Amino acid sequence: MSASLRPVQVDVPSPLVSYAGLDLPFRAKGRAVCRVREHAMIFEASVLPTTRTLGALSSILTKAAAHCEAHKIDPTVLLTFRLFPDMLNFTRQVQLACDFAARAPSRLAGDEVPSFPDVETSIDELQTRITTARDHIGSFAPDRFADAAARVITLKQRQGEMVMTGIEFLTLYSLPQFYFHATTAYNILRHNGVELGKRDFMAA
């Protein structure tokens with residue numbers, strides 16, 4: 001066992017164990033030993049899943065482009081489509097998914113938050129936006145999040161400031177926002193006939 005890992009004994013069937021303010025479910029029989037380091041947990045909960053889902057979103061965009069070509073559809077029809085008039089269109093859903101994914105590790109590590117101009121008007125440009133976000137996320141190593149769980153993060157919102165710890169920011173704000181926009185982008189394409197399934201979204 002690596003000397004840098006601190007073992008945590010978990011008695012199962014106790015369904016939940018509290019760690020760094022977060023209730024973590026363990027589904028196993030008998031006894032389980034979980035070796036957890038706080039910064040590794042933050043890395044695995046933020047960088048890994050968002051990188052994977054952005055990769056899935058890129059593959060979904062490739063299928064959307066092929067769908068447009070096969071059915072002689074102007075891609076602008078998909079890029080500007082909204083599920084409902086008061087919702088954002090497909091392009092904005094992709095842009096926001098990229099933003100929430102890329103800005104989270106910066107805030108958690110205490111870095112300057114990156115800004116990306118919203119200028120994309122084509123599928124190829126959205127692919128570049130996704131690549132840029134993934135490259136930024138991939139620049140963070142696990143040790144960058146050593147103090148992330150307890151870091152105080154302040155977000156300026158229209159209704160005022162939101163102040164939360166890093167673990168609260170990640171689990172209760174950033175990840176839900178990210179998955180909302182990624183899922184809505186998927187749903188727009190599926191609604192418009194692009195042949196997609198759950199495995200596409202999960203990159204399975």
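Predicted model: local features only at pLDDT ≥ 70, side-chain atom pairs only at ≥ 80, totals over all residues.

Modeller: I start with the pocket. By class, its lining, that of the largest pocket, has four nonpolar, one polar and four charged residues.

Biologist: Which residues line the largest pocket?

Modeller: A lining residue has an atom within 4 Å of a pocket point. By that test the lining of the largest pocket includes Leu 155, Lys 156, Gln 157 and Tyr 173.

Biologist: What is the volume of the largest pocket?

Modeller: Rolling a probe the size of a water molecule over the atoms shows where empty space is left. For the largest pocket, the volume comes to about 190 Å³.

Biologist: Which element gives the largest share of the lining of the largest pocket?

Modeller: Two elements each supply at least two residues of this lining: strand 5 (152–157) and helix 3 (90–109). The largest share is five residues, and these come from helix 3.

Biologist: Is Gln 93 buried or exposed?

Modeller: Gln 93 lies in helix 3. The cut-off for buried is under 20% relative accessible area. Gln 93 has 1%, so Gln 93 counts as buried.

Biologist: Which residues is Gln 93 in contact with, leaving aside neighbours within four places in sequence?

Modeller: Contact needs heavy atoms within 4.5 Å. With those neighbours left out, one of the contacts of Gln 93 is Leu 88.

Biologist: How many disulfides does a search of the whole structure find?

Modeller: Cys 68 is buried, at 3% relative accessible area. Cys 98 is buried too, at 1%. A disulfide needs two cysteine sulfur atoms within 2.5 Å. Searching the whole structure gives a count of zero.

Biologist: In what order do the elements of the protein chain run from the N terminus on?

Modeller: The protein chain has six helices and six strands. Read from the N terminus, the order is β-β-β-β-α-α-α-α-β-β-α-α.

Biologist: Among contacts between residues at least 6 apart in sequence, what share joins residues at least 24 apart?

Modeller: The chain has 204 residues, and buried residues make up 40% of them. For the contacts you ask about, the share is 63%.

Note on methods:
Residues numbered from 1 in each chain as written. Heavy atoms only, no water. 1 Å grid on protein atoms, 1.4 Å probe; cavity = no way out; pocket = protein on both sides within 12 Å on 5 of 7 lines; lining within 4 Å. Points joined across faces, edges and corners; volume = space filled by probe spheres on them. Helix = DSSP H or I, 4+ residues; strand = E, 2+ residues; numbered from the N terminus. Nonpolar A, V, L, I, M, F, W, Y, C, P; charged D, E, K, R; others polar. Buried < 20%, exposed > 50% of the residue type's maximum accessible area, 1.4 Å probe, protein only.
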